[in-house]
Amino acid sequence: MRKILVSLAAMFAVVAFPSFARADEVGDRSAAIQLCRAEIAAQAGASAESVRFDQVRVRLRVVRVDFDLWRNGQLENVRCEVTRGSELQIASITPSLQAVAAR
């Protein structure tokens, strides 16, 4: 009886919380960091070395990556949100890099 209850609880956890069942969380995190760093550097007209990784948070449908962008001796905090799915796609970059570049 105990084995049946444990099995049912495990099956419920997989169905109710699919984020725990997602096997490639580390891969998504690494890919999101690389994708965002390249896009931020391209839009800001900066080198990839000036876009420094700060932190990452992985959610069920979104990976949120924070970067420090060093331009002209000043620090800008940039947040990049990437949607998770069959492939990773940038959902937003805040603040808009055109505003950052104008400073």
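Cys36 and Cys80 form a disulfide, with 2.1 Å between their sulfur atoms; a disulfide here is a pair of cysteine sulfur atoms within 2.5 Å. The structure holds 1 disulfide. Cys36 sits in helix α3 and Cys80 in strand β3, so the bond ties together parts that are 44 residues apart in sequence. A disulfide is a covalent bond between the sulfur atoms of two cysteines. The angle about the S-S bond is -70°, and the link of Cys36 and Cys80 is left-handed.

Before going on, some ground rules. This is a predicted model, in which local features need pLDDT of at least 70 and side-chain atom pairs count only at pLDDT 80 or more, while totals for chains, interfaces and linings use all residues. Residues are numbered from 1 along each chain as its sequence is written, and side-chain values use heavy atoms, with hydrogens and water left out.

Are the two cysteines buried or exposed? Cys36 is buried, at a relative accessible area of 0%, and Cys80 is buried with 0% as well. Buried means under 20% relative accessible area, exposed means over 50%, and partly exposed lies in between, using a 1.4 Å probe and protein chains only.

Now the overall layout. The chain has 4 helices and 4 strands, in the order α-α-α-β-β-β-β-α along the sequence. Helices (H or I, at least four residues) and strands (E, at least two) are DSSP runs, numbered from the N terminus. Of the 103 residues in the chain, 25% are buried. The chain exposes about 7000 Å², and carbon and sulfur atoms supply 55% of that area; accessible areas come from the Shrake-Rupley method with a 1.4 Å probe, and for residues only the protein chains shown count as cover.

Next, the strands. β1 and β2 pair in the antiparallel sense over 7 bridges, and they form a hairpin with 3 residues between them. Two strands count as paired if DSSP finds at least two bridges between them. Across this pairing, Gln55 stands opposite Asp66 in β2. β2 also pairs with β3 in the antiparallel sense, over 10 bridges. That hairpin has 2 residues between its strands, and Asn72 in the turn has a positive phi of about 55°. The bridge partner of Phe67 in β3 is Val78. As for β2 itself, 7 of its 10 residues are buried, so this strand is largely enclosed by the rest of the structure.

Which residues have the most contacts inside the largest nonpolar core? They are Ile40, Phe67 and Val82, in a core of 18 residues. The elements that give two or more residues to this core are α3 (25–44), β1 (51–58), β2 (62–71) and β3 (74–83). The largest share, 6 residues, comes from α3. By definition, a nonpolar core is a set of buried Ala, Val, Leu, Ile, Met, Phe, Trp, Tyr and Cys residues joined through side-chain atoms within 4.5 Å. In soluble globular proteins, nonpolar side chains tend to be buried together.

Take Ile40, which is found in helix α3. Ile40 is buried, at 0% relative accessibility. Not counting residues up to four places away in sequence, Ile40 touches Val51, Phe67, Val78, Cys80, Ile93 and Leu97; contact means heavy atoms within 4.5 Å. Val82, leaving aside its neighbours within four places, has contacts that include Ala32, Leu35, Cys36 and Ile90.

Last, the charged pairs. There are 5 salt bridges in the whole structure, a salt bridge being a side-chain nitrogen of Lys or Arg within 4 Å of a carboxyl oxygen of Asp or Glu. One of them joins the side chains of Asp28 and Arg84, at 3.0 Å from N to O. This pair links distant parts of the chain, with Asp28 in helix α3 and Arg84 in the loop between β3 and β4 (89–94), 56 residues apart. Both Asp28 and Arg84 are buried.

Another salt bridge joins Arg29 and Glu25, at 3.3 Å from N to O. Both residues lie in helix α3, 4 residues apart, about one turn of the helix. Arg29 is partly exposed, at 29% relative accessibility, and Glu25 is partly exposed at 29% too.

Arg57 forms a salt bridge with Asp66, the closest N and O atoms being 3.1 Å apart. Salt bridges that share partners join Arg57, Asp66 and Arg79 into one network. Within it, Arg57 is partly exposed at 23% relative accessibility, whereas Asp66 is buried at 9%.
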